[in-house]
Amino acid sequence: MNQTTKKPFRIRFWLVAIIILAIYLWSFLGIKFEGLTENAGRDFAAILRGLFHPDWGYVYMPEGEDLIRGLLDTLAISIIGTFISAFLCVPFAFWAANNMSRFRWVSGSGKFMLSFIRTFPEIIMAIIFIKAVGPGAYAGVLALGLHSIGMLGKLYSEAIENLDLGPTEALTACGANRLQVLWFAVIPQVLPHFFSYALYRFEINIRSATILGLIGAGGIGAPLILALEARAWNRVGVILLGIIVMVTIIDIISSAIRKRLV
């Protein structure tokens, strides 16, 4: 890079840096901080005591709801929601892929549809489905499944756009029809990526299912919000520990499987 090209580059760099800094300053100035409450220190100490002295008796309770049942419900909601979206998003992915259609407006409409679906957060969808089907795991599954269609569909379409066109061109030259090209040349290439993205989305859905339970969409979030409202910090502590253990185990297993797939 010579001296004549360095100067415009530096000007653009500092201009962008100043704009970003101004946006950050404007954002901080818009936050109204009114200080801590009078009981902040006492409440924080109570939270720490509860977190470091969890209620181990809540791990398993034969007579009713406990930690294990809540975590299993959360896991089941995540599995079913991911499974539903992993299949339903495939047609949207081929619709949105640029290399699957000669007309740009076709893929553009597919991308718009996927963007429209993932615009609504899971928690908003969960509230809508709770009003429609009632509180419980069913609403959580529908919310996760529908929202994940938008996210997985985008990742699937990118995998389709990055596939090697050599096998497809070879089959087309041999006289294969469009369905045969799709089945024998496209699907074998993108399937490992599809599985990998589905597992990655499953990791995210585990965390999302926990949050959805806070508004009544099933899972461990329901007992967590009840414990928070009752200020039962020892129960909050054991629930958080259970969530951490479950998420960590799922992440390790999923990462190991994804490394073998791709």
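Guide: The model is predicted, and its secondary structure consists of ten helices and zero strands. The C-alpha trace spans about 70 × 60 × 35 Å along its principal axes, and the radius of gyration is 24 Å, whereas a compact globule of 262 residues would have one near 18 Å. Of those 262 residues, 33% count as buried, and among contacts with a separation of 6 or more, 72% join residues 24 or more positions apart.

The pair to examine is helix α3, residues 67–96, and helix α8, residues 178–212, whose axes come within 9 Å and cross at roughly 145°, the crossing being right-handed. On the α3 side the contact is made by T74, L75, I77, S78, I79, T82, A86 and F94, while α8 contributes L182, V186, I187, A198, F202, N205, I206, A209 and T210. By class, the residues of this contact divide into twelve nonpolar and five polar, with no charged ones.

The side chain of T210 reaches the backbone oxygen of I206 at 3.1 Å. Leaving aside residues up to four places away in sequence, T210 touches T74, I220, G221 and I243, and of these T74 belongs to the α3 side of the helix contact described above.

How values were computed:
Residues are numbered from 1 along each chain as its sequence is written. This is a predicted model: local features need pLDDT of at least 70, side-chain atom pairs count only at pLDDT 80 or more; totals for chains, interfaces and linings use all residues. Side-chain values use heavy atoms; hydrogens and water are left out. Axes are lines fitted to C-alpha atoms, for helices over the stretch in contact, and angles run from 0 to 180 degrees between N-to-C directions. Helices (H or I, at least four residues) and strands (E, at least two) are DSSP runs, numbered from the N terminus. A crossing is left-handed if the near helix is turned anticlockwise from the far one by less than a right angle, and right-handed if clockwise. Contact means heavy atoms within 4.5 Å. Ala, Val, Leu, Ile, Met, Phe, Trp, Tyr, Cys and Pro count as nonpolar, Asp, Glu, Lys and Arg as charged, and the others, Gly among them, as polar. A polar contact is a pair of N or O atoms within 3.5 Å; within protein, one must be able to donate a hydrogen and the other to accept it, and residues adjacent in sequence count only if both atoms are side-chain atoms. The radius of gyration is taken over C-alpha atoms; the globule rule is 2.2 Å times the number of residues to the power 0.38. Buried means under 20% relative accessible area, exposed over 50%, partly exposed in between (1.4 Å probe, protein chains only).
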